[in-house]
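Reader: I have a model open and want to go through it piece by piece. Can you take my questions as they come?
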Amino acid sequence: MEEKRDFGDLKREVIEKGKCALCGGCVATCRLLDYGYLSVDFSEERPVIKEGQQCPPDCGYCYYQCPRVEKPALREGLEEIYEVASTDEEIRKACQDGGAVTSLLASALADAVVEGCITVADNGEWKPEVRVAMDKAGLIKSAGSKYTPAATLTGIADALLDAGLWSIALVGTPCQMAAYEKMLVVGRDTHNAHNFSSNVRLRIGLFCKGTYSYDKLMKEYLERKRGINIREITKLNISEDVLHVYAGDKELLSAGIDEMEDYKRDGCKVCEDFVGLFSDISVGNVGSPEGKSSVIVHTDFGKEVFESALEWGFIEAKPMDKSGVDLIHKLMKEKKEAGIAEKERRKKKLMEQMK
Ligand code: SF4
Ligand code: SF4
Ligand code: SF4
C-alpha cells in the first residue's frame with residue numbers, strides 16, 4: 001500500500017521547490033482548519049503550519065488537494081468567446097475594462113444563483129484581502145486586478161463557516177480554479193473533512209500571465225524605485241504587457257512588464273493556464289477593444305449564467321472577432337509552452353546538481 005503523504009511532503013515537493021501558486025487550497029482543506037493549524041504566511045508568501053505543531057497521523061488532505069502535486073484532469077467543455085460590457089455605468093466606471101466580472105456576479109446574485117461571491121479587495125495599500133461580497137456595493141469594492149497573490153480559496157471556508165452561506169461564486173486566477181477542481185474531484189475521493197465542493201456554484205476565472213511578490217512589486221518597485229505613494233493608487237492595469245498605474249484620472253506610471261520579470265513569483269513561472277480552463281466562465285482584457293471585457297464560456301452552467309445576465313440586461317455582448325480569438329489562443333499556447341519549458345529547465349538543473 002502506498003504510504004500516505006502529509007504536509008511535510010507538500011512542503012518538500014511543492015513549496016520548497018518554488019511551485020506553490022499560493023491558491024489557499026491546502027489551507028481550506030486542512031483537517032485542523034478550525035484551529036488555524038495551517039495558514040498562509042504572506043510575508044514569506046507560503047503556507048505554514050503553526051510552530052511546534054505536528055500533524056495528526058494518517059492525514060494529508062492538504063497534499064492530495066494541491067493542484068501542483070498533480071494537475072486535475074480537464075473535462076471537455078465549450079469555448080464561446082465574446083466581447084462584453086456592463087450596462088451599469090457605476091460598474092463600468094469603477095471596474096477594469098468592460099466590468100463583465102462585476103456584472104456577471106451582480107446578475108448571479110440577483111437571480112439567486114449564489115448568495116455571496118468570494119472576491120479579492122484592496123486593503124488600502126494594495127495588499128489583496130479575500131472578502132465575501134453580498135451585493136453590488138461589495139462587488140464594486142473588490143473590482144479590479146491586484147497582480148499580487150491572494151489565497152482566495154481560504155474565502156470558501158469564511159463564506160460557509162463565518163457568513164453561513166450555502167451557495168457561492170468563486171472569482172480567481174486559473175491556478176485557483178484548478179485548485180477548486182481538485183477540491184471537487186479529489187475531496188470526495190479522500191473523504192476530506194472540509195469538502196466544500198458542492199457549495200461553490202459558479203467559478204469565474206481571470207486571465208493571468210503571472211502575479212508578483214507584494215513586497216517586490218508594491219514596495220520595492222513602485223514605492224522605492226518609481227517613487228509612487230501606493231496609498232494614492234486607485235487602479236492597476238496590465239494591458240498588452242504594459243503596467244498602467246493610476247490615481248483617479250491621472251496616470252502615474254506606464255511601464256513594460258519586462259521590467260518586473262524578476263518580481264514574478266516562482267510558482268507562476270511553471271504555470272501553464274492563461275485563461276482558467278477549470279472555470280465556468282473566464283474573463284480578461286485580451287482580444288477585446290478598450291472598454292470591453294473578453295469573456296469565454298466554458299461550461300453549460302456558465303452559459304446559463306451568461307445568457308441570464310444578457311436577458312436581464314446586466315451585460316451587452318457580441319461574439320469576438322477572429323483576430324481577438326486568435327490572440328487569446330496565441331497567448332494560451334505561449335503560456336503553456338513557457339510553463340513546460342520552465343519545468344524542464346528546473347528538472348535539468350536538478351539533475352546537473354545531482355551529478
Ligand atoms: S491537512 Fe492534515 S497533514 Fe495537512 S496540514 Fe492539515 S493536519 Fe497537517
Ligand atoms: S499551490 Fe495551493 S494547495 Fe498547493 S501548496 Fe500552494 S497554496 Fe497549498
Ligand atoms: S500565473 Fe498561474 S500560478 Fe500564477 S497566479 Fe496566475 S494562474 Fe496562478
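Reader: Which residues surround ligand 3?
Author: Ligand 3 is surrounded by Ala 21, Thr 173, Pro 174, Cys 175, Cys 208, Gly 210, Thr 211, Gly 267, Cys 268, Cys 271 and Asp 273. A residue is near a molecule if its C-beta atom, placed from the backbone, lies within 6 Å of it. Helices are DSSP runs of H or I with at least four residues, strands are runs of E with at least two, and both are numbered from the N terminus.

Reader: And what classes are in the shell around ligand 3?
Author: The shell around ligand 3 has six nonpolar, four polar and one charged residues. Ala, Val, Leu, Ile, Met, Phe, Trp, Tyr, Cys and Pro count as nonpolar, Asp, Glu, Lys and Arg as charged, and the others, Gly among them, as polar.

Reader: Before I go on, what sort of model is this, and how is it numbered?
Author: It is a predicted model, in which local features need pLDDT of at least 70 and side-chain atom pairs count only at pLDDT 80 or more, while totals for chains, interfaces and linings use all residues. Residues are numbered from 1 along each chain as its sequence is written, and chains are lettered from A and ligands numbered from 1 in the order in which they are written.

Reader: OK, ligand 2. Which residues are closest?
Author: Cys 20, Cys 23, Gly 25, Cys 26 and Cys 66 are the closest of the 15 residues that surround ligand 2. The shell divides into eleven nonpolar, three polar and one charged.

Reader: Which element gives the most to the shell around ligand 2?
Author: α1, with three residues. Both α1 (7-15) and α2 (25-29) supply at least two residues of that shell.

Reader: Then ligand 1, which residues come nearest?
Author: Phe 7, Cys 30, Cys 55, Cys 59 and Cys 62, out of 14 residues around ligand 1. By class, the shell around ligand 1 holds eleven nonpolar, one polar and two charged residues.

Reader: Different topic. How is the chain divided into domains?
Author: Domain 1 covers 80-212 + 264-338 and domain 2 covers 214-263. The bounds come from an automatic or database domain assignment. Taken over C-alpha atoms, the centres of the two domains are 23 Å apart.

Reader: How many residues are in contact between domain 1 and domain 2?
Author: 13 residues of domain 1 are in contact with 15 residues of domain 2. Contact requires C-beta atoms, placed from the backbone, to lie within 7 Å. On the domain 1 side, the touching residues are three nonpolar, six polar and four charged.

Reader: What is the strand order in the three-strand sheet?
Author: That open sheet runs β8-β9-β10, with antiparallel pairing. Two strands pair if DSSP finds at least two bridges between them. β8 (235-239) and β10 (250-256) are at the edges with a single partner strand each, so one side of each has no neighbour in the sheet.

Reader: How do β8 and β9 pair?
Author: β8 pairs with β9 (residues 242-247) in the antiparallel sense over five bridges. Asn 237 stands opposite His 244, and Ser 239 has Val 242 as its bridge partner. The two strands form a hairpin with two residues between them, and Glu 240 in the turn has a positive phi of about 45°.

Reader: And the eight-strand sheet, what order?
Author: The order is β5-β4-β6-β7-β11-β12-β3-β13, in an open sheet with mixed pairing. Its edge strands, β5 (128-133) and β13 (315-319), each pair on one side only.

Reader: How many bridges join β4 to β5?
Author: Six bridges join β4 (residues 116-122) to β5, and the two run antiparallel. Asp 122 stands opposite Pro 128 in β5.

Reader: Last one. Which residues in α5 and α11 meet?
Author: Ser 103, Leu 104, Ser 107 and Ala 108 in α5 meet Val 305, Phe 306, Ser 308 and Ala 309 in α11. This contact has five nonpolar, three polar and no charged residues.

Methods
Two residues are in contact if their C-beta atoms, placed from the backbone, lie within 7 Å.
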